[in-house]
Amino acid sequence: MSSILGFPRIGKNRELKKALESFWSGKCSSQELQNVAKNLRAKHWEIQKGLDYVCVNDFSLYDNVLDLAYALNAKPQRFKDLEGLEGYFAMARGHRQGVACEMTKWFNTNYHYVVPELSDDDDYKANIEHIKVQYNEALSLGYKPKISLIGLFTFFGLSKIVKGDAGAIFNKLKSAYMDLIDEVSALGNEVVVEFSEPIFALGLKDNEELFTSLRCIYDRSALECVYNEISKKGIKAIVSTFFEHSNELSEILLQTDIYGIGLDFIYGEKNKQSLELIAKSNKVLYAGVIDGRNIWVADIESKLALLEHIATFIPKERIVVSSSCSLLHLPFSKEGEDKIDSQILSWLSFAQEKIKELSVLESIFKGHSDSANLAFLQENKTINAARKNSDKTNNKAVRERVFKHTQKERSLPFAQRIKIQKEQFNFPILPTTTIGSFPQTPELRALRLNYKKGQISKAQYEEGIKDYIRDCVRFQEEIGIDVLVHGEPERNDMVEYFGEQLDGFVFSSNAWVQSYGSRCVKPPIIFGDVARPKPMTLEWSKFAQSLTQKVMKGMLTGPVTILNWSFVRDDLERCEVCKQIALAIADEIDDLQKGGIKIIQVDEAAFKEGYPLRSENIKAYESWALECFKISTAVALPQTQIHTHMCYSEFNDIIKTIEALDADVISIETARSGNELLKVFKQVGYTNEVGPGVYDIHSPRIPSVEELKVQIKALLEVLPKEQLWINPDCGLKTRKWEEVKPSLKNIVEAVKSVRESL
């Protein structure tokens, strides 16, 4: 048997993205949106037909965690009277009745989930209508469906308790969840449900508070109690963990009455330690041996060897060959990627190709070695050997430079640098700026596309970009922002733009991956050693600075973020790849400061998401990630002010690392969470400057001046005015000008008012 945990839902040509944005803008009806979703599901099941089951309920209009919250009626009080898609999208995107729920990263991936808000005022109740619809659709098309469902512990552990006792809320939630399982079990005989419990990969140590506070009857752990109860409901229950090993929790799960357990043997190699226990149980093992997170073609021979090792413990009839996690994190298909070098393309495997790998791997493992499978295996051997020996993957000069590099610290400490900088800039109290990007309009996208297609000349393209920059600078000067940005009109993506100019990267035409909702990214592919042949941002930054007497920020993406937001080669340690990128960024910083750019922002939006899930592995990651950031910024002169930006981060556990980054200014997202994130900076005595976000750029809402003044005054209760900058949460490329202009005007007005009161 073979299986996956989920499939990309955005569509081969981003059909879901386009339908969602059309619906949100009022250009299509809810029925038209649902029809697009239904057609996509049918297409995706057709691709999965070679597997034993097709996945249902892995498809979502926005996010699976949000889907479950809505199915359990776990709606915030501010949205309680909103029903249907209006209520659903209000939680994700905001509404005139209130701000959206927070979003944060799904474990250590670049996917974002909507954080459920739980309260003892909530009346939880089950509604499986959307599950039922998908289940019956699959049956009607002749497929055997397997329901994908977020597990109760993961859902609860990732939620935010806004009011009440956690234990009491868990029990209320559990009751509704069990009602949901009852309704699911009524869909047919022995309905198969795969419960995703990635929170178990954190282990008992990191989950101690969750598991010790939720004991059930007979003093048995909450986990054992819940999954025994689920197993009695007539369903075939599989519990899957991924992204790391889950040995401590697997030991408990194996004592329950579940049918099967799914383990990730790619990112959780230590799961092999559980094989003996699985062998002694009667459980079926869903063995995650095909990488669901990275795009390199599998080495079928090594996968077969791994499966044969597993089979020395567990009979083959109790082994299901599976993906390591949902294929949601992969692009759809390699089809049509004719711009990638053919040899490099042969090394790649996207979601559709992974399913083929699974089918062949399972067939050979189970003894079905027909001519087609043997031919696939031989071709796979050839591809992997070619990649290993290719001169495209090894640059001796780059490796040597990394080995010899020693400069990893700024020339002066922050206390001395900031005196030089304050005297140089003479900014007012609470200086205002933005994070970097301005709206990517349809006209701007068309300009870039027409240039790529050769329909306009380079001169025409550059003049169009300059016009956009002129408009951005003029607008910022008109409303009175203190530190300006050029708006990044030349950039399609904050990582892709740099990767396109670096050696060792390759780019796809259509390898889109969902980040959240309708937001898709096209991650760069790092296949070889990384170097910077020439300056990447210098000319645009110098042009923008020439338009104004105010300070213009240079905008760069940091090495750790470039790494974490790329598909990274798996034949070299990640830390070594990151050092190569860091040296390229250092070269760019040096060129910018020599070109007259006095403030340079090195965004590390994805610094936190690269953290290992297991606490015992964090120190090693922090060490090399911190080293890479400092390699990139050590070249900055004392008078060059280095800013950085981080997204979606809880900072309590990494505040010391943030201090060690030694950026002069850090901007963070706080608009949805108030000043709670900021308090940790005060608690540790953080002395560098901070720009907490006051405008939630993930929502179309326009914050009022009064609302912003309240937020700014709340920030001043935590940190002194001399230490604070005021800015939006993040870049503004995904918003529209009609939202951005009034929002930024209101920020400046609010700051002026607060300055006067100070």
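The buried residues of helix α29 pack against α20 (458-479) and α28 (705-716), where buried means under 20% relative accessible area, exposed means over 50% and partly exposed lies in between, with a 1.4 Å probe and protein chains only, and contact means heavy atoms within 4.5 Å. Before I go on, this is a predicted model, in which local features need pLDDT of at least 70 and side-chain atom pairs count only at pLDDT 80 or more, while totals for chains, interfaces and linings use all residues. Residues are numbered from 1 along each chain as its sequence is written, and side-chain values use heavy atoms, with hydrogens and water left out.

To stay with α29 for a moment, among its buried residues are Trp737, Glu739, Val740, Asn746 and Val754. Helices (H or I, at least four residues) and strands (E, at least two) are DSSP runs, numbered from the N terminus, and the expected span of a helix is 1.5 Å times one less than its number of residues. The 21 residues of α29 (residues 737-757) should on that basis span 30 Å, and its end C-alpha atoms are 30 Å apart, which agrees.

Let me turn to helix α2. This helix, residues 30-47, has 18 residues and reaches 26 Å from its first C-alpha to its last, close to the 26 Å expected at 1.5 Å a residue. Its buried residues are Leu33, Ala37, Leu40, Arg41, His44 and Trp45, and seen down the axis of α2 they fall within an arc of 135°, so they line one face of the helix; the arc is that of the directions from the helix axis to the C-beta atoms. What do these buried residues pack against? They pack against α1, β2 (54-56), α4 (84-93) and α5 (129-140).

Within α1, which covers residues 15-24, we find Phe23. Leaving aside its neighbours within four places in sequence, Phe23 is in contact with Cys28, Ser29, Ser30, Leu33, Leu85 and Phe89. Ring pairs also link Phe23, Trp24, Tyr62, Tyr70, Tyr88 and Phe89 into a cluster, and Arg93 lies over the face of Trp24, at 3.9 Å from the ring centre. A charge sits over a ring if NZ of Lys or CZ of Arg is within 6 Å of the ring centre and within 35 degrees of the ring normal.

The structure holds 30 aromatic pairs. The rings of Tyr88 and Phe89 have their centres 5.1 Å apart and their planes at 75°, so this pair is edge-to-face; rings of Phe, Tyr and Trp (its six-membered ring) pair if their centres lie within 6.5 Å, and planes under 30 degrees apart count as stacked, over 60 as edge-to-face and the rest as tilted. Tyr88 counts as buried at 6% relative accessibility, and Phe89 is buried with a relative accessible area of 6%. Phe195 and Tyr227 form another edge-to-face pair, 5.6 Å centre to centre with 80° between the planes, and this pair links distant parts of the chain, with Phe195 in strand β8 (residues 192-196) and Tyr227 in helix α10 (residues 222-231), 32 residues apart.

Finally, strand β17 (residues 525-531) is mostly covered, since 6 of its 7 residues are buried. Strand β14 (residues 503-506) and β17 pair in the antiparallel sense over 3 bridges, two strands being paired if DSSP finds at least two bridges between them, and Phe505 stands opposite Ile526 in β17. With strand β19 (residues 567-568), β17 pairs in the parallel sense over 2 bridges, and there Ile525 stands opposite Phe567.
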